[in-house]
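Please open the structure in a viewer and keep the selection panel at hand. The stops below say what to select next and what is there.

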Amino acid sequence: MDLLLEKFRDVLSSVLPISILVMILNFTLVPVETDILIRFIIGSVLVIIGLGIFLFGADIGITSIGNLMGEEIARSNRAYVVAIMGFVLGFIITIAEPDLQILAHEVNSASGGSIPAPLILVVVSIGVGIMVAIGLFRILYEKPLNKLYTIVYFIIFILGLWVSEEFLAISVDASGATTGAMTTPFILALGLGVSQLKGGKTSDEDSFGLVGIASMGPILAVMILNIIAGADKIVGEAEVFRAHSGVLGPYLEEFSIMIKEAAIPLIPLLVLFIAFDMFKFKLNRNRRKRIFKGLIYTYIGLVLFLVGVNAGFMEVGRIMGYGLASMPNNWIVPIVGFLLGMMVVLAEPAVHVLTKQIEDVTSGHIPRKIILFALSAGIAFAVCMSMLRIMIPGLKLWHFLLPGFALGVFLSHKVPPIFVGIAFDAGGVASGPMTATFVLAFAQGAANAIPTANVLVDGFGVIAMVAMMPLVALQLLGLVFKVKARREGIDVNDTGR
Amino acid sequence: MSMILEDKALSLFCVIVNFGEGSKILKASKELGVTGGTFLLGKGTVKNSILNILGLDEVRKEILLMVIEESLEETLNDHLTKKFHMDKPNHGITFSIPISCLAILNGNEYISKPRMRGADDMQYEAIFTIVDKGLSDDVIEAAQSAGSTGGTVIHGRGAGSHDTAKLFNIEIEPEKDIILILSELEKTAAIVNAIKEKLNIEEPGKGIIFVVDVNRTFGLYRK
């Protein structure tokens, strides 16, 4: 039972900081109604329990399936199998992602209906499919990650010249939307499986980067759609915000939604696993049972987590954002945003999966704590700068994204290759359900209170910042690692590919 | 590692603990005079029927290998047991294996000095080489040139006496490759010397080689 306790402590220490911060804000700057506060506390408990169960499940369920499939793909040793499997897996898990379906609707209404939602869904999924296939090829043919990123981001930059600012935000947001809580651990594990089976000198560093590559697919897809459809201005109104009353009502409502939503991305994984198991893996009974148990945990955990976040956290975020921004000295908003960003990323499910994988691959050489530290700092700046952008009308999203991504690509040629993969993966990992919901709500709340801000336009783009900053933060960490190691005379395996 | 070790009886001290504990153990051991250690990652199981049913019976483990003087064994064992409560269940285990020889920085050629052996079938030795990550190919190459048929590479991380860097007050332990080679007794000396020369093991911080007696082997291919 020690084991369970220990896991529980782990999860507790990643959720409590954000809960405590909100409580402090409640008692000092922005008091919220009792109902909402109670809901937030219930939400925190659900998030803690849900995250714990989810992580257990991800470990023995999704991760195992991803690894097995990755190994199977690598074992096939045929280019067309890799291409087809990569594409099919990428396509299927993306099209089933609930966040993407929400985004598709948003884009549809934002473009005034000129881009139908199903088209967006299919095009983005094709984008991810192609990128996953390319990512797998890269691992098998040992093509350097930084060159691939440089090429694709250059294409994105060129396309970006034709894309309106609103759609720039939407396209980068789309990359955050497709890397959901269920798909990110799967893609991470897939990359790990392929690269570990392939082996070779670069197998450790090649275990990372697939999420980063996959999340470029949606950016390309949405940009191309925008250029073809030619919608320039975002039309439509932001959804009118109404605070729920009562304590249990919102929970029941969210519960009935999430019980469906969390199942959708699980089904294709389950079907694929059963099919693969029958024809390829032929696992022994215990192993198969374990994986099924894992999937059940993932499902239960994710439902509890999402219900907690949506019913408990979202409204508090919105109210806090609004309350702080309408205060006379609203310079406090970026500061609170900074703290919020720092703590919220710790409660992100996929962050735990990524840091564990890093420890496993490097045998503990790159400790979890250091990655969390850098990630926290990165997201803190991301949220802080997003708030500044909302408050200062002259500041545009691309003022941050362009130098950010440029710096990210530049650094990828300077740091040890393993950090390049980790950093680009972390971009997709950090923009998960917790950040997407809570930070987005906070930003929208603040935008609501500031007359010069537009809720719809400024709401988009927060996730983009969260997806961009880890590239810089973790690669800077890699740089420090390299310099430090060189001074101490340790070889960091810097092959400088 | 110093040359004093050469003439003393040595042992390989192994500690298996839950993931994350290893560095603490190594730190405590260093205080008692251990010069360094290497970590491997593994999985352990828990015997607990509730956890079994839930499917949560797998734990990440760390295996810490340290080469120490045999005389230090008692003290180290006592100290670790007391400090980390090893006598309680689920707090880790320790064991030690005698080392028949350690190749280190003293410029001398390694000479196999077989101990008294009871029977004829004890004709193998296990050579462990621990070097920086990425050098395993060189080790295997050197070993093969001296007549070895192959080796097994294990990834780990390790910390010697001088090479620990700190980042934000968290210790960074460099990655290592551990190469396990089973060799016939007559070939051990040649293999060890070949590896030693190729990788300059004699220079500080380049790695270590130690040899452990093997009782029986199965499945080895003989020409």
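Select L72(B) to begin: this residue lies in the loop between strand β3 (58-69) and helix α3 of chain B. Helices (H or I, at least four residues) and strands (E, at least two) are DSSP runs numbered from the N terminus. The model is predicted, so local features need pLDDT of at least 70 and side-chain atom pairs count only at pLDDT 80 or more, while totals for chains, interfaces and linings use all residues. Residues are numbered from 1 along each chain as its sequence is written, and chains are lettered from A and ligands numbered from 1 in the order in which they are written.

Is L72(B) buried or exposed? L72(B) counts as buried because it has 20 C-beta neighbours inside 10 Å. A residue is buried if 20 or more other C-beta atoms lie within 10 Å of its own, exposed if 12 or fewer, and partly exposed in between, with C-beta atoms placed from the backbone. Leaving aside residues up to four places away in sequence, L72(B) touches L32(B) and G33(B); contact requires C-beta atoms, placed from the backbone, within 7 Å.

Proceed to helix α3 of chain B, residues 73-84. Its twelve residues reach 16 Å from first C-alpha to last, close to the 16 Å expected, where the expected span is 1.5 Å times one less than the number of residues. H85(B) follows α3(B) and has a positive phi, near 50°.

Now display the whole of chain B, which has five helices and eleven strands. Of its 223 residues, 36% are buried.

Turn to the largest nonpolar core, which has 179 residues. Such a core is a set of buried Ala, Val, Leu, Ile, Met, Phe, Trp, Tyr and Cys residues joined through C-beta atoms within 7 Å. Helix α15 (residues 285-325) of chain A gives the most to this core, with 20 residues. Select A446(A), one of the residues with the most contacts inside the core. Among the residues that A446(A) touches, not counting those up to four places away in sequence, are G321(A), Y322(A) and M387(A). Apart from this core lies another, of 42 residues, including V34(B) and I127(B).

How values were computed: Contact = placed C-beta atoms within 7 Å.
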